[in-house]
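Please look through the charged side chains of the model shown here and follow how they pair across the chain. The paragraphs after it take the pairs in turn.

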Amino acid sequence: MIPYGRQSISDEDIDAVTRVLRSDFLTQGPAVPQFEQGVATAVGAKHAVAVNSATSALHIACLALDVGPGDLVWTSPNTFVASANCARYCGADVDFVDIEPSTSNMSVQALNDKLVAAKQRGRLPKVVIPVHFAGQPCDMREIAELGQAYGFKIIEDASHAIGAKYNNGSIGDCRYSDIAVFSFHPVKIITSGEGGMILTNNSDLADRSAMFRSHGITRDTAKFKIVDQGPWYYEQLALGYNYRMIDLEAALGLSQLRRLDEFVDRRNELARRYDALLEGLPFVGPVVKSDRRSSFHLYVVRLPRADREAHLKAFLALRESGIGVNLHYIPVHLQPYYRELGFGPGMFPEAEAHAQSAISLPLYADLSPDQQDEVVAALQKAARHISL
Ligand SMILES: *Cc1c(COP(=O)(O)O)cnc(C)c1O
């Protein structure tokens, strides 16, 4: 089976992890701050806080922005459940903003309309979490303008998008947001095994994130509420977690970071090759807007129209041919957990249509042209089989 995504591990990566195993620190040593500094520099953010997953990063990003019971957080329905769950962890309510069909990213028009209605009802979101689907940046300038107008904060779920570019900047530089979050899960662009990172230009948000990462504890004497009692002394100022990244993970992440540009170039190259190979086939390829560069975490094609039956048949045929196609995403609002909160079918029709037509094809740095040809041959066969 050709998987839809997988890591690329070099001898240098293995050496980097092995060096940590032979060193004094498996966790809380020098590799974590080095990785943080490396990513902050690579994307042009002032501060970086490494954690054990993007899920944890999203959670403490919400905590750092003071999201709590009674607050409202909006995100895209076309995402992994973690983008919405982070608000629920804080006791906040979640709602969704439908996607635009061309990029499957949050629609600025839908966001605008929903804000107008929310203002009338007197319940605006405290935080909006746009998700850079498949690695293509959202319309961040427009979203940030709406943030200014309506007073919400912005967390970019950039789990797909390290290495992506937008309007002459890098995703993660937080030019249009308060916080951006990366994931280093093995299917993402670079990996640390498990891992995530918070990027921000706001030192207070960085400090608060670091505190929530480690039990809500600080060792910064300037922040103590009670008087410093000695060299052993620390204070717990809030209810935090153990969301720390370990040095083994950070060493792998730092080693992978050296190949970030190479990985993103390679993914873009393979995406262009798919574009060419798919011409004449009844699948609609991804569209990338002109002022941005996708990191191509995913290469998602769509059937010419939403068709539950044809979609299922295409999946079964492709899996039968040994192609590990996947669906990104089952709309979050259709998950049983969210249905129990009052969501249901028909509420976000573009995300639902996406889910009845989208197919993620294999795409990763080590995918060979031969394997890619195999994928396209399987697509041709599937198209004939279900007479698309
Ligand atoms: C992968 C992913 C996450 C969660 O990342 P983890 O590091 O696995 O916790 C969150 N949001 C999106 C959009 C993702 O793709």
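**Salt bridges across the chain**

A network of salt bridges links E100, D139, R141, K289, D291 and R292. The model is a predicted one, and a search of the whole structure finds 18 salt bridges.

Because R292 lies in strand β12 (residues 292–293) and D139 in the loop between β4 and α6 (140–150), the pair ties together parts that are 153 residues apart in sequence. R292 has a relative accessible area of 10% and is therefore buried, the limit for that label being under 20%; D139, with a relative accessible area of 11%, is buried as well.

Another salt bridge joins R213 to E36, with 2.9 Å between the closest N and O atoms. This pair also links distant parts of the chain, since R213 belongs to helix α7 (residues 203–213) and E36 to helix α2 (residues 31–43), 177 residues apart. Both R213 and E36 are buried.

A further contact is the salt bridge where the side chains of K126 and D71 meet, at 3.3 Å from N to O. Here the distant parts that are linked are loops: K126 sits in the one between α5 (108–121) and β4 (127–129), and D71 in the one between α3 (54–64) and β2 (72–75), 55 residues apart. Which of the labels, buried or partly exposed, applies to K126? K126 has 28% relative accessibility, so K126 counts as partly exposed, whereas D71, with a relative accessible area of 17%, is buried.

How values were computed:
Residues numbered from 1 in each chain as written. Predicted model: local features only at pLDDT ≥ 70, side-chain atom pairs only at ≥ 80, totals over all residues. Heavy atoms only, no water. Salt bridge = Lys/Arg side-chain N within 4 Å of Asp/Glu carboxyl O. Helix = DSSP H or I, 4+ residues; strand = E, 2+ residues; numbered from the N terminus. Buried < 20%, exposed > 50% of the residue type's maximum accessible area, 1.4 Å probe, protein only.
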